[in-house]
Amino acid sequence: MRPIELADRLGRWSSGRGPLYVLLASRLRQLIDDGELPPGELLPPDRALAAALAVGRTTVVAAYDLLRAEGRITRRQGSGTRVAGEPNGARAKDAPIDPFFVDSLERPDDVLHAVCAAPDEPPSFVAEAFQRIAPELGRIQDDLGYYPYGHPSLRAALAERYTSRGAPTTPDQILVTNGGQQALSLLAHALLSPGDQVLVEAPTYPGALEVFRRHGAVPRGLPVGLDGLEATVRERRPALAYVIPTYHNPTGSVLPTLARQRLASSDVPLIEDEVPADLRFPGEQVPAPIAAYGDSVISVGSLSKSIWGGLRIGWVRASTPLINRLARLRAVHDLGGDVPTQLAAVQLLPFLDDPALHQTLKARHDHLRSLLATKLPDWEVPTVTGGQCLWVRLPYGDGSSFAQTALRHKVAILPGSGLDVTGRSDQYIRLHYRASQAKLTEAVHRLAAAWSAYSPPTTHAAKRPVLVV
């Protein structure tokens, strides 16, 4: 592509706030993600693009380096800078395939999906909850149904739940969203500017990484639990920190109470992702949320992982001024959420503590670990006490190349490279145990066949992080 052509596509890329290289990377990222710059596309050399944009060469180099670190472009001596992935003419079996898109678009019936860690069917009590709210819907009068903050009854129920867990909360501290992902997106929009640094665990939930990057922020990795947060805050002055303290995605770890208290006292806005927090095994005690130890902590939750992905109910618990700001942003996007689903959610919240849900979760976890120990004994599979996934270390090779072999054996898995901004999880894959035992059994049989056929590459390029849930 000629530099002038790319300059035309970039449009008013420099009109935002933040360093020029971050703004340029953000616009290029959008063009790549939207498919306007397809895989294999040759990008202009540093100097040529800098001249076309009337900026210094270091701006283009820094933007390219940022995108290369994310796996969105490749830069090789002699072959130039290209968008990551194979061009359209490559053979299908050799083309890297993003498991998220396999899982969420035009899903082939013969592919088993170990990517999206959420229940694949609604429990019977979901339909019953919708039946119970039907009379309430019939009594509604003089109500437009627009609730940018969320329906009052659900806000009150969520506030009561946080209070019972040790974090005193009032309804005006709750914003209901269309799932946890929208909650993260609204928070990123409100709290981040291009070029801001966000401290995240390495590894972490890749959907959060994608949200931060889409807003032009730069994720910086710390060990799970954000160990070393205080020193890093003093050194880097980040705009935000993000942690998954309970049944961490993907490792399943649970942060102790003292560590939670330390994080709550940090000098940086902290988002605690509580989406997996209700996924405990029978008999396990869950510590109080980090929000119980600090008024400035921001909590995010959702019903999607605990009950069903089709329930697009999430929420933010934060200070009232921040909730007001988020509600104004949310009103611009969609005016408010679906009222019948919010009314049903009030009925569903008690089921988060249902022993049957926890017993089913534990049974499926045990089933998957037992199968892996039998069929793939050289895989390292640590035990967990709750959550939704296993963080598996392969004895050799890397997760990205093995994911391609697994897909050819009709099972989609998530490689660790897309979950770790430090690049230290290439040897890992994430498997979830939310499917039925029959599906888990078949998935392990296919994984075992894929492992027998797997031949790791001598070298492998960085893979683009993928958005999964």
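Helix α2, which spans residues 20-33, comprises 14 residues and extends 20 Å from its first C-alpha to its last, close to the 20 Å expected at 1.5 Å a residue, the expected span being 1.5 Å times one less than the number of residues. Helices (H or I, at least four residues) and strands (E, at least two) are DSSP runs numbered from the N terminus. The model is predicted, and local features therefore need pLDDT of at least 70 and side-chain atom pairs pLDDT 80 or more, whereas totals for chains, interfaces and linings use all residues. Residues are numbered from 1 along each chain as its sequence is written, and side-chain values use heavy atoms, with hydrogens and water left out.

Within α2, the buried residues (under 20% relative accessible area, with a 1.4 Å probe and protein chains only) are Val 22, Leu 23, Leu 24, Ala 25, Ser 26, Leu 28, Arg 29, Leu 31 and Ile 32. These buried residues pack against the helices α1 (3-10), α3 (46-53), α4 (57-69) and α9 (206-214), and against the strands β2 (73-76) and β3 (80-83). Just after α2, Gly 35 adopts a positive phi of about 85°.

Arg 75, in strand β2, has a relative accessible area of 23% and is partly exposed, a class lying between the buried limit and the exposed one of over 50%. Its side chain makes polar contacts (N or O atoms within 3.5 Å, one able to donate a hydrogen and the other to accept it, with residues adjacent in sequence counted only if both atoms are side-chain atoms) with the side chain of Asp 46 at 3.2 Å and with that of Thr 81 at 2.7 Å. The C-alpha atoms of Arg 75 and Asp 65, ten residues apart along the chain, are separated by 8.7 Å.

Thr 177 belongs to strand β5 (residues 174-177) and counts as buried because its relative accessibility is 0%. The side chain of Thr 177 reaches the backbone oxygen of Gly 179 at 2.8 Å and the backbone nitrogen of Trp 315 at 3.4 Å.

Trp 315 also lines the largest cavity, together with Leu 158, Arg 161, Tyr 162, Arg 165, Glu 274, Ala 277, Asp 278 and Gly 301, lining residues being those with an atom within 4 Å of a point on a 1 Å grid where a 1.4 Å probe fits but cannot get out. Helix α7 (residues 152-164) gives the most to this lining, with three residues.

Technical notes. On a 1 Å grid over the protein atoms alone, a cavity is a set of points where a 1.4 Å probe fits but cannot get out, and a pocket is an open set with protein on both sides within 12 Å along at least five of seven lines; lining residues have an atom within 4 Å of a point. Contact means heavy atoms within 4.5 Å.
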